[in-house]
Amino acid sequence: KHPMHVHVNAMQIVQKGGCGRRYEEDEFYDTISLARSYNNDDDTCLVRIYFADFVGRMALHCHRFVHEDSGMMTWVNVTATT
């Protein structure tokens with residue numbers, strides 16, 4: 001499993017599928033432990049992140065440090081819209 005964590009804003013579960021049973025659709029979470037994927041449509045964990053209050057760079061990464069240190073991390077660049 002991969003406990004995925006996003007900085008700044010929480011993630012809202014849109015379709016829980018591969019998110020695991022303990023999560024509820026439409027609820028917000030700081031960290032979501034992704035279930036193992038076997039390339040099945042039911043393994044998709046669809047989330048929504050609102051960026052209304054934040055402009056800049058934020059991290060999205062696995063909370064297992066060995067995974068994060070091995071590259072399971074990315075930056076999301078949030079830009080302002082007019």
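Confidence in the chain is lowest in helix α1 (residues 65-69), at a mean pLDDT of 85, and highest in strand β3, at 94. This structure is a predicted model, in which local features require pLDDT of at least 70, side-chain atom pairs count only at pLDDT 80 or more, and totals for chains, interfaces and linings use all residues. Residues are numbered from 1 along each chain as its sequence is written, and side-chain values use heavy atoms, with hydrogens and water left out. The term pLDDT denotes the predictor's confidence in each residue, from 0 to 100. For the chain the mean pLDDT is 83, and 89% of the residues reach 70 or more. Where pLDDT is low, the predicted coordinates should not be read in detail.

**Architecture**

The chain contains one helix and seven strands. Both kinds of element are DSSP runs numbered from the N terminus (helices: H or I, at least four residues; strands: E, at least two). Read from the N terminus, their order is β-β-β-β-β-β-α-β. Of the 82 residues in the chain, 27% count as buried; buried means under 20% relative accessible area, exposed over 50%, and partly exposed in between (1.4 Å probe, protein chains only). Among the contacts with a separation of 6 or more, 55% come from residues 24 or more positions apart, a contact being heavy atoms within 4.5 Å.

**The sheet**

Four strands form an open sheet in the order β4-β1-β6-β7, with antiparallel pairing. Two strands pair if DSSP finds at least two bridges between them. At the edges stand β4 and β7 (73-78), each with a single partner strand, so one side of each has no neighbour in the sheet. On average, neighbouring strands of this sheet are turned by 20° against each other, direction ignored; the axes are lines fitted to C-alpha atoms, for helices over the stretch in contact, and angles run from 0 to 180 degrees between N-to-C directions.

Strand β1 (residues 2-6) is mostly covered, with four of its five residues buried. It pairs in the antiparallel sense with β4 (residues 31-34) over four bridges, and with β6, also antiparallel, over three bridges. M4 stands opposite I32 in β4 and opposite C62 in β6. H5, in turn, stands opposite H61 in β6.

**Aromatic rings**

Two aromatic pairs are found in a search of the whole structure. Rings of Phe, Tyr and Trp (its six-membered ring) pair if their centres lie within 6.5 Å; planes under 30 degrees apart count as stacked, over 60 as edge-to-face and the rest as tilted.

| Pair | Centre to centre | Angle between planes | Arrangement |
|---|---|---|---|
| Y23 and Y29 | 4.9 Å | 90° | edge-to-face |
| F28 and Y50 | 6.3 Å | 40° | tilted |

Both Y23 and Y29 are buried. F28, by contrast, is partly exposed at 45% relative accessibility, and Y50 is partly exposed at 44%. F28 lies in strand β3 (residues 28-29) and Y50 in the loop between β5 (46-48) and β6 (56-62), so this pair ties together parts that are 22 residues apart in sequence.

A further ring is involved with a charge: the charged end of R57 sits over the ring of W75, 4.1 Å from its centre. Such a placement requires NZ of Lys or CZ of Arg within 6 Å of the ring centre and within 35 degrees of the ring normal.
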